[in-house]
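Here are some notes from going through this one, in the order I'd talk them over with you. Have the viewer open as you read.

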Amino acid sequence: MFMRTVSVLALLASSSLHARSCDLAIASNDQMQFDTATLEVPADCKEVTLTLTHTGTIDAKTMGHNWVLTATPAYRSVAIAGMKAGAENHYVPADDARVIAHTKVVGGGEKTTVTFPTSGLVAGGDYTFFCSFPGHWGAMKGKLVFG
Ligand code: CO
């Protein structure tokens, strides 16, 4: 009976690990699109590793993509501030507390990864991820669900 209970618990633990990862992946392309509108982070993740892939062929100066995470009410103003920050700052305002996490800008055929703590997230909060490359943030965006 004891062994049976242990094996059932082990099965539950392993299936939940497979279903709910702290590693996220998102792809982007030459059509100015992300491949998902929703990313889910389990509330028990202490940190998240996100990998952004650019599956296109156009260079970063013309069709660059990054991944920026903010609370949803801040996303438009951070995107506009990012445009002003320019390419040398990967279109992200420097030392801006509203930016929870971000990657650098990548071009076609490239990928980049960022790891960030979830201490800046509240379970059930409203978070938007977007590409802050000029002209992209209106279309290239989605929701991150934590919890
Ligand atoms: Co973009």
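This is a predicted model: local features need pLDDT of at least 70, side-chain atom pairs count only at pLDDT 80 or more; totals for chains, interfaces and linings use all residues.

1. The pairing of strand 2 with strand 8 is parallel and runs over four bridges.

2. Zooming out to the sheet: five strands make up an open sheet, in the order 2-8-7-4-5, and the pairing is mixed. Which are the edge strands? They are strand 2 and strand 5, each of which pairs on one side only. Helix 3 lies across strand 4 (68-71), strand 7 and strand 8, and its angle to strand 7 is about 30 degrees.

3. The largest nonpolar core counts 25 residues, and Trp67 and Leu144 have the most contacts inside it. Two or more residues each come from strand 1 (23-28), strand 2 (38-41), strand 3 (47-54), strand 6 (111-117), strand 7 and strand 8. The biggest giver is strand 3, with three residues. There is also a second, separate core of eight residues, with Val68, Ala79, Val92 and Phe130 among them. As background, nonpolar side chains in soluble globular proteins tend to be buried together.

4. Tryptophan 67 deserves a look of its own. Leaving aside residues up to four places away in sequence, tryptophan 67 touches Ile26, Phe34, Leu39, Leu50, Leu52, Ala101, His102, Thr103, Phe116, Phe129, Phe130 and Leu144. Both leucines from point 1, Leu39 and Leu144, are in that list. Trp67 also belongs to an aromatic cluster, in which ring pairs link it with Phe34, Phe116 and Phe129.

5. Tyrosine 75 is buried, because its relative accessible area is 4% and the cut-off is under 20%.

6. A further edge-to-face pair is formed by tyrosine 91 and phenylalanine 133, with 5.2 Å centre to centre and 70 degrees between the planes. The two are 42 residues apart and link distant parts of the chain: tyrosine 91 lies in the loop between helix 3 and strand 5 (101-102), phenylalanine 133 in the loop between strand 7 and strand 8.

7. Last, the cysteines. A search of the whole structure turns up one disulfide. The partners are cysteine 22 and cysteine 45, with sulfur atoms 2.0 Å apart. The link is left-handed, at -90 degrees about the S-S bond. Cysteine 22 is in the loop between helix 1 (2-19) and strand 1, and cysteine 45 is in the loop between strand 2 and strand 3, 23 residues apart. Cysteine 22 is partly exposed at 27% relative accessible area, whereas cysteine 45 is buried at 2% relative accessibility. Cysteine 131 is buried too, at 0%.

Terms used. Residues are numbered from 1 along each chain as its sequence is written. Side-chain values use heavy atoms; hydrogens and water are left out. Buried means under 20% relative accessible area, exposed over 50%, partly exposed in between (1.4 Å probe, protein chains only). Rings of Phe, Tyr and Trp (its six-membered ring) pair if their centres lie within 6.5 Å; planes under 30 degrees apart count as stacked, over 60 as edge-to-face and the rest as tilted. A nonpolar core is a set of buried Ala, Val, Leu, Ile, Met, Phe, Trp, Tyr and Cys residues joined through side-chain atoms within 4.5 Å. Contact means heavy atoms within 4.5 Å. A disulfide is a pair of cysteine sulfur atoms within 2.5 Å. Two strands pair if DSSP finds at least two bridges between them. Axes are lines fitted to C-alpha atoms, for helices over the stretch in contact, and angles run from 0 to 180 degrees between N-to-C directions.
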